[in-house]
Amino acid sequence: MKKIEIAKVVEQKEIATGIFSMWMESESLTKDAKAGQFISVYCDDKSKLLPRPISICQIDKEKNRLRIVYRIAGKGTEEISKKVAGDDIRVLGPLGNGYTISEGKCAILIGGGIGIPPMVELARELKDVSKVIMVAGYRDELFLTEEMEECGELFIATEDGSAGTKGTVIDAIKENNIKGDLICSCGPTPMLKAVKQYAIDNDIECFISLEERMACGIGACLACVCKTKEKDHHSNVNNKRICKDGPVFNAMEVEL
């Protein structure tokens with residue numbers, strides 16, 4: 001069983017309004033980490049018992065460093081955003097199953113909002129073995145565009161039309177006539193529903209990473225579950241534990 005590690009904050013900065021990027025150093029966190037996994041970050045405030053699950057954005061195994069990009073969503077993440085270089089931070093991970101890297105395919109990576117960061121590491125792991133096309137959906141402010149452009153062709157959708165296609169990621173795919181034979185996606189549930197339907201309509205293999213509030217992060221508490229077609233061997237009902245069995249699932253196996 002994984003144990004809580006003490007990582008060292010290397011750098012932290014705000015890269016968009018309320019969105020922070022943190023690099024941390026820890027050999028135990030980085031050596032087995034892969035795209036699509038997440039870490040549970042603990043607060044120093046003892047009144048905040050539960051950790052905050054945050055997706056892995058980048059992995060630097062040579063320097064034993066890991067990057068997370070997250071949005072302030074409450075007092076816990078606000079506390080985490082105050083960390084500076086040199087501070088210690090308690091972390092459990094890497095957790096979850098991550099994406100399986102497929103070679104020789106044209107992969108369309110679709111991220112929405114704070115579901116964009118895990119697509120960065122996935123693109124980095126795919127770029128040398130597959131063609132990578134990235135589609136990123138924003139409300140307004142852009143972030144992580146340079147990192148994505150380094151890995152493949154990038155298309156942008158914004159709600160207000162300030163950049164790229166005005167509308168959704170599916171609007172951007174249709175407007176730019178984007179074609180591929182594999183979809184990997186992470187973002188809010190309405191977006192994932194649309195991505196799944198697009199994959200069904202176009203007969204494309206599709207994997208999605210579900211965002212959900214988590215408690216233990218290791219599959220023990222059953223606080224984060226999603227409906228599935230098959231029964232879970234742990235609970236014997238039609239669900240899966242997102243933190244343990246996911247967060248990445250074949251889109252056709254889960255109900256959204």
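Predicted model: local features only at pLDDT ≥ 70, side-chain atom pairs only at ≥ 80, totals over all residues.

User: What about the accessible surface?

Analyst: The total is about 12200 Å², and carbon and sulfur atoms account for 45% of that.

User: Which ones are the buried residues?

Analyst: In α3 they are P117, P118, M119, V120, E121, L122, A123 and L126.

User: And what covers them?

Analyst: The cover includes strands β4, β5, β7 (106-112), β8 (131-138) and β11 (182-186), along with helix α4 (145-149).

User: Switching to charges. How many salt bridges does a search of the whole structure find?

Analyst: The search turns up 7 salt bridges. One of them pairs K8 with D88, where the closest N and O atoms are 2.8 Å apart. K8 is in strand β1 (residues 5-16) and D88 in strand β6 (residues 88-95), so to speak of sequence, the pair links distant parts of the chain, 80 residues apart.

User: What does E25 form a salt bridge with?

Analyst: E25 pairs with R65, and the closest N and O atoms there are 3.8 Å apart. The cut-off for a salt bridge is 4 Å. This pair also links distant parts of the chain, with E25 in strand β2 and R65 in strand β5, 40 residues apart. E25 is partly exposed at 36% relative accessibility, and R65 is partly exposed with a relative accessible area of 26%.

User: Which residue does R67 bridge to?

Analyst: R67 forms a salt bridge with E147, with 3.0 Å between the closest N and O atoms. That links strand β5, where R67 sits, to helix α4, where E147 sits, 80 residues apart. R67 itself is buried, with a relative accessible area of 6%.

User: Now rings. How many aromatic pairs does the count come to?

Analyst: The count is 2 aromatic pairs. For F20 and Y70, the ring centres are 6.1 Å apart and the planes are at 20°, so that pair is stacked. F20 lies in strand β2 (residues 19-25) and Y70 in strand β5 (residues 65-71), so the pair ties together parts that are 50 residues apart in sequence. Both F20 and Y70 are buried.

User: How do Y138 and F143 pair up?

Analyst: Y138 and F143 are edge-to-face, 5.3 Å centre to centre with 90° between the planes. Y138 counts as buried at 3% relative accessibility, and F143 counts as buried at 5%.

User: Next, cysteines. How many disulfides does the search find?

Analyst: It finds 0 disulfides in the whole structure. For C206, the nearest cysteine sulfur is that of C184, 7.6 Å away. The cut-off for a disulfide is 2.5 Å. C206 is buried, with a relative accessible area of 1%, and C43 is buried with a relative accessible area of 1%.

User: One more. Where is K48 found?

Analyst: K48 is in the loop between β3 (38-41) and β4 (52-60).

User: Is K48 buried or exposed, and why?

Analyst: K48 counts as buried because its relative accessibility is 18%, and the cut-off for buried is under 20%.

User: What does the side chain of K48 make a polar contact with?

Analyst: With the side chain of D45, at 2.7 Å. Leaving out residues up to four places away in sequence, K48 touches C43, K75, G76 and E79.

User: Great, that's what I needed.

Definitions and conventions
Residues numbered from 1 in each chain as written. Heavy atoms only, no water. Helix = DSSP H or I, 4+ residues; strand = E, 2+ residues; numbered from the N terminus. Buried < 20%, exposed > 50% of the residue type's maximum accessible area, 1.4 Å probe, protein only. Polar contact = N/O pair within 3.5 Å; in protein donor to acceptor, adjacent residues only side chain to side chain. Contact = heavy atoms within 4.5 Å. Phe/Tyr/Trp six-rings, centres within 6.5 Å; stacked < 30°, edge-to-face > 60°. Salt bridge = Lys/Arg side-chain N within 4 Å of Asp/Glu carboxyl O. Areas by Shrake-Rupley, 256 points an atom, 1.4 Å probe, with all protein chains shown as cover.
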